[in-house]
Amino acid sequence: MDLSNRMTPLLFKDAFWGRDFTSREGYDTLIVRLKDGRQMCKDVQGLIKMRALAEEQYGKELVMIAHKARGLREIGTLRASFDQLKAHIENIGNFHIHLSNVLEEEVKRIEIFQEKQKAQRKKFESIMEKLMKSKSSVYKKTMESKNNSKQRSQEATEAENLAAKIAATSSTPKIIEKAYQKAENCKRTAAESESLYLGDIVHLEEVRQDWIGTHQSTCEVFQQLESDRISFLRCVLWDHCNHFSMQCVKDDEIYEDVRKGLEKCEISTDNKYFIQMKSTSTSPPEPVMFRNYSVLLEECQASPSNLSSVGRASVSERLSILHGVDSNSSLTDGTPYSESTRNSSGYSLNCSNTSGFQQTSSRASVAFNDSYRVAYEYIAQNPDELTLLGGEVVQLIEQGDDGWWTVERDAEVGLVPGNYLTLI
């Protein structure tokens, strides 16, 4: 089984995905590789051109050509064979002038090969660029629909709560009717936004599937182009050696060395080395999931006492919606606002205040002597903070208006988030 795994060839389409939905990392890595391959073709072409001219100059001119020939962007066994060839060229001082015409024909072959590869590469590059632009545009539109749906759901919930409050205060029927009518309009708008958001999600998934299929096809074409290029250049270098071996038997031992190196040049080996060195991701990004914010809000409003029984991620999401905060920006682990959020955003969140965020620049405080019970576990993030376990009892020493309180527990004093505590 292990032997079978080692013999399985590595494929571009399995190793060059982006790490997120809009990332171009995998595709751009392949494009860079193709550009490097084109440069390698030009380097080999330049080597043969200069070698043809050097047939009339011998000696020093051959050394100069070996130094100018580059091929620095190639990798693996083909790069090793090319470097070996340059070293032998430097040691050769004499070659016959009639080989110039033969070498010029090789230059033309490389030019034709490059033009053929360029036409095929440009075709797929154009398709991928258009598709990635479309994917990014649809993704941006979907995110806008998502934010709009979330906002409209919040407005509908607030309108319903306001209507219920007005009805409970024994207002006039006209005022009550107007409040309920507004709530109904908000609810209708939220439903329309939610429907639009769901439609955009479906469209985005269709575009994603189309992109995945096209990306895989493009990777297969690019890998075939790379395989053809390596094979072609290997043959060119092999023929180059054969031409000079036939003309000068005494130099055959030198070129035999080169041929042995070229025999070790394997397409799969070079592609495998490139994949192992430059691989970005082995799978496509996950699809964007639909979230029904209306249901989340209704559950939070209907059963606030059950928040502790649901998963930590659900609590975070519901609290972030109630306070107008995106769950990705602050409440990421199901616990109240803490130091990590205070450091990254520059704001502090008071969970008892439904207005959302309160910016603070200093820590004004008031002294207390009340006892509080720890409602949520908290792990200290800084040296001046105190680690708390759920159910512990602490003594309040100082209450800061930025939401961080100074408490004492078992002779230990430190800062903790005030909204992690409940008064006994």
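## Strands 6 and 7

In strand 7, Pro417 is the bridge partner of Trp404. Strands here are DSSP runs of E with at least two residues, helices are runs of H or I with at least four residues, and both are numbered from the N terminus. Strand 6 pairs with strand 7 (residues 412-417) in the antiparallel sense, over six bridges; two strands are taken to pair if DSSP finds at least two bridges between them. Two residues lie between the strands of this hairpin, where Asp410 has a positive phi near 55°.

Strand 6 (residues 404-409) is largely enclosed by the rest of the structure, because five of its six residues are buried. Buried denotes a relative accessible area under 20%, exposed one over 50%, and partly exposed a value in between (1.4 Å probe, protein chains only).

## Basis of the model

The model is predicted: local features require pLDDT of at least 70, side-chain atom pairs count only at pLDDT 80 or more, and totals for chains, interfaces and linings use all residues. Residues are numbered from 1 along each chain as its sequence is written, and side-chain values use heavy atoms, with hydrogens and water left out.

On its other pairing, strand 6 is joined to strand 5 (residues 393-400) in the antiparallel sense over four bridges. Within this pair, Gln399 has Trp405 of strand 6 as its bridge partner. The hairpin of strand 5 and strand 6 has three residues between the strands, and Gly403 adopts a positive phi near 95° there.

Strand 5 also pairs with strand 4 (residues 371-374), again in the antiparallel sense, over three bridges. Arg373 stands opposite Val393 in strand 5, and Ser371 has Gln395 as its bridge partner in that strand.

Helix 8 (residues 267-278) has 12 residues, which should span 16 Å at 1.5 Å a residue; the end C-alpha atoms are 16 Å apart, so the two values agree. The expected span is 1.5 Å times one less than the number of residues. The buried residues of the helix are Asp270, Asn271, Phe274 and Ile275. They cover an arc of only 135° around the axis and therefore lie on the same side of helix 8; the arc is that of the directions from the helix axis to the C-beta atoms.

These buried residues pack against helix 2 (25-54), helix 4 (76-91) and helix 6 (173-247). Ser227 lies in helix 6 and counts as buried because its relative accessibility is 16%. Neighbours within four places in sequence aside, Ser227 is in contact (heavy atoms within 4.5 Å) with Ile267 and Asn271.

Val288 is located in the loop between helix 8 and helix 9 (293-302). At 25% relative accessibility, Val288 counts as partly exposed. Residues up to four places away in sequence excluded, Val288 touches Tyr139, Met143, Ile201 and Leu204. Val288 and Val202 are 86 residues apart along the chain, and their C-alpha atoms are separated by 9.7 Å.

## Cysteines

The search of the whole structure finds zero disulfides, a disulfide being a pair of cysteine sulfur atoms within 2.5 Å. Cys219 counts as buried at 1% relative accessibility, and Cys241 is buried with a relative accessible area of 0%.

## The chain overall

The secondary structure of the chain comes to 11 helices and eight strands. Of the 424 residues in the chain, 41% are buried. Residues 24 or more positions apart account for 72% of the contacts with a separation of 6 or more.

The chain exposes about 23200 Å², of which carbon and sulfur atoms supply 51%. Accessible areas come from the Shrake-Rupley method with a 1.4 Å probe, and for residues only the protein chains shown count as cover.
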